Amino acid sequence: MMSLNADVMPQYRQEAPKTPPHILLHYCAFKAIWDWVILCLTFYTAIMVPYNVAFKNKTSEDVSLLVVDSIVDVIFFIDIVLNFHTTFVGPGGEVVSDPKVIRMNYLRSWFVIDLLSCLPYDVFNAFDHDEEVSYSIFTNIVYRVLSVEL
């Protein structure tokens, strides 16, 4: 009879790639928790930006919301820095840990979108003291896009 002891069963072990000390593995526990935090903050932003555009006017500025939004923007900026130091899976399935390749990959992929998402538009608008009809940056962009298409 065949027995399946530990001696018979194959041992599948994958070595962690050798990375420089300042490079994070994309599958480490810290990065997984960090990605969940970023996901939650993305949901917060997806709800609050349309709410602020639709219902918030210049006369009722809430400083606490401005502070929270600024903290979210700083966390998104920290995420950009972390992404410049995080491994990724290459086209051949290998873990890429070379810092130069990581930087170039991130610059070619999500960097521009991430950078635009962390700009503090609310802070820019807080210092806008125009007494006439005041629009947010988002509203100006939407207005210009629609007027170009018409």
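Which helices each supply at least two residues of the lining of the second largest pocket? They are α1 (29–55), α2 (63–83), α3 (99–108) and α4 (111–118).

Welcome to this structure. It is a predicted model, in which local features need pLDDT of at least 70 and side-chain atom pairs count only at pLDDT 80 or more, while totals for chains, interfaces and linings use all residues. Residues are numbered from 1 along each chain as its sequence is written, and side-chain values use heavy atoms, leaving out hydrogens and water.

**The chain as a whole**

Six helices and two strands make up the pattern α-α-β-β-α-α-α-α along the sequence. Helices (H or I, at least four residues) and strands (E, at least two) are DSSP runs, numbered from the N terminus. The chain has 150 residues, and 20% of them count as buried; buried means under 20% relative accessible area, exposed over 50%, and partly exposed in between (1.4 Å probe, protein chains only).

| Helix | Residues | First to last C-alpha | Expected at 1.5 Å a residue |
|---|---|---|---|
| α1 | 27 residues | 39 Å | 39 Å |
| α2 | 21 residues | 30 Å | 30 Å |

The expected span is 1.5 Å times one less than the number of residues in the helix. In α1, the buried residues are K31, W34, I38, L41, M48 and N52. In α2, they are D69, V72, D73, F76, D79, I80, L82 and N83.

UniProt, in an unreviewed entry, places the feature "transmembrane region" at residues 33–51; such annotations may be inferred rather than shown by experiment, feature names are shortened, and positions are given in the numbering used here. In the model, residues 33–51 are 100% helix and 0% strand, with their end C-alpha atoms 27 Å apart.

**Back to the pocket**

A pocket is an open set of points on a 1 Å grid over the protein atoms alone, where a 1.4 Å probe fits, with protein on both sides within 12 Å along at least five of seven lines; lining residues have an atom within 4 Å of a point. The second largest pocket is lined by 16 residues, and K31, N83, Y106, W110 and D114 lie nearest its centre. Helix α1 gives the largest share of this lining, four residues. By type, the lining holds seven nonpolar, five polar and four charged residues. Here Ala, Val, Leu, Ile, Met, Phe, Trp, Tyr, Cys and Pro count as nonpolar, Asp, Glu, Lys and Arg as charged, and the others, Gly among them, as polar.
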